[in-house]
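The sequence and structure are shown below.

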Amino acid sequence: MSSAMQGLISILDLETLERNLFRGRSPQTGWQRVFGGQVIAQALVAAHRTVDADRHVHSLHCYFMRPGDPAVPIIYEVDRIRDGNSFTTRRVVAIQHGHAIFSLSASFQIDEPGLEHQIEMPEDLPRPETLTSAKELIESFIDSVPESVRAYWERERPIEFKPVSLVHYTSREKLPPKQHIWIRTTGQVPDNRPLQAAVLAYLSDMTLLDTSLFAHGRAVFDEDLQVASLDHAMWFHRPNALDDWLLYTQDSPNASGARGFTRGSIYASDGTLVASMAQEGLIRLRG
């Protein structure tokens, strides 16, 4: 297991301060703000700590209100909204410097049998073993990118990416707003279903906002853009061990009002639909 993956598992082990009150920390990577996927995952862990062990998250909806400060801990306050016969509802507020920076609502359910269908995984895509990773691609022209971008890509991370298409990395061509990315953790996630759900939530926040910029030939690191996640929703369809490559398919149906909207689906390597997500992000032209 990579040190970055060990670090991710570590920061998801929240400190219990009091009933319904937890404290999380951020990795000290020098980045200016807390990664949104980290806050989603930590808030989900906090919620799960207050739920019976036979109930598992099936959906979450959250809003990012202020940028997180990685230099100080994040306090997670859980509101036990409802405990029903089959479903449990929790609301979590993340607090820093006396202000709410993020909120999450999550619903948990006992496992039940029922009707099943799924949209099939896209066919005829190259397997990840045949593809260049995003990190390998960036390394080939790392000397020509700004220092902040170089630091971002050179940092060891718990998630490995292999995009099916590399065009948007190498040009400013206006492209259809969709992409396929093979993605996996850089170490095995323990056989713990709540933790696996938290890691899946963590990685679900990666690359979504990028897709909404494809149609404009832009990138999230453009200096004349202010880009940030505004909200995030996720539906967990089927439990899946995170021990192999996952296919993350994404498309952006709309950008307007200085916001971009993107949908995503995550498939296991055998074609099983594991989760779906949607996100809207700020895409503001500076000046």
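Predicted model: local features only at pLDDT ≥ 70, side-chain atom pairs only at ≥ 80, totals over all residues.

One of the residues involved is Thr16, whose bridge partner in S2 is Phe22.

Two residues lie between the strands of this hairpin, and Asn20 adopts a positive phi near 75°.

## The chain as a whole

The chain contains seven helices and twelve strands. Its radius of gyration is 19 Å, close to the 19 Å given by the globule rule for 287 residues, so the chain is as compact as a globular protein of that length. Along the principal axes, the C-alpha atoms fill a box of roughly 55 × 45 × 40 Å.

Buried residues make up 47% of the 287 residues of the chain. The chain exposes about 14,400 Å², of which carbon and sulfur atoms supply 49%. Of the contacts between residues at least 6 apart in sequence, 71% join residues at least 24 apart.

## Helix H2 and Gln42

Helix H2 spans residues 36-48 and includes Gln42.

Gln42 has a relative accessibility of 0%; because buried means under 20% relative accessible area, Gln42 counts as buried. The side chain of Gln42 forms a polar contact of 2.6 Å with the side chain of Tyr76. When neighbours within four places in sequence are left aside, the residues in contact with Gln42 are Ile11, Leu12, Leu14, Gly24, Arg25, Ile74 and Tyr76.

Helix H6 (residues 193-204) consists of twelve residues, and the distance from its first C-alpha to its last is 16 Å, close to the expected 16 Å at 1.5 Å a residue. Asn192 caps the N-terminal end of H6, where a side-chain oxygen lies 2.9 Å from the backbone nitrogen of Leu195. Ten of the twelve residues of H6 are buried, and the helix is thus mostly covered. Among the buried residues are Leu195, Gln196, Val199 and Leu203.

Tyr202 also belongs to H6 and is buried, with a relative accessible area of 10%. Although Tyr202 and Gly37 are 165 residues apart in sequence, their C-alpha atoms are 4.1 Å apart in space. Beyond its neighbours within four places in sequence, Tyr202 is in contact with Leu8, Phe35, Gly37, Gln38, Ala41, Pro158 and Ile159.

## Strand S9 and Met234

Strand S9 covers residues 225-236 and contains Met234. The relative accessible area of Met234 is 0%, and this residue is therefore buried.

Not counting residues up to four places away in sequence, Met234 touches His58, Ser59, Leu60, Leu200, Ala201, Ser204, Ala275, Ser276 and Met277. Three of the residues named there, Leu200, Ala201 and Ser204, are also listed among the buried residues of H6.

How values were computed
Residues numbered from 1 in each chain as written. Heavy atoms only, no water. Pairing = 2+ DSSP bridges. Helix = DSSP H or I, 4+ residues; strand = E, 2+ residues; numbered from the N terminus. Expected span 1.5 Å × (residues − 1). Buried < 20%, exposed > 50% of the residue type's maximum accessible area, 1.4 Å probe, protein only. Polar contact = N/O pair within 3.5 Å; in protein donor to acceptor, adjacent residues only side chain to side chain. Rg over C-alpha atoms; globule rule 2.2 N^0.38 Å. Contact = heavy atoms within 4.5 Å. Areas by Shrake-Rupley, 256 points an atom, 1.4 Å probe, with all protein chains shown as cover.
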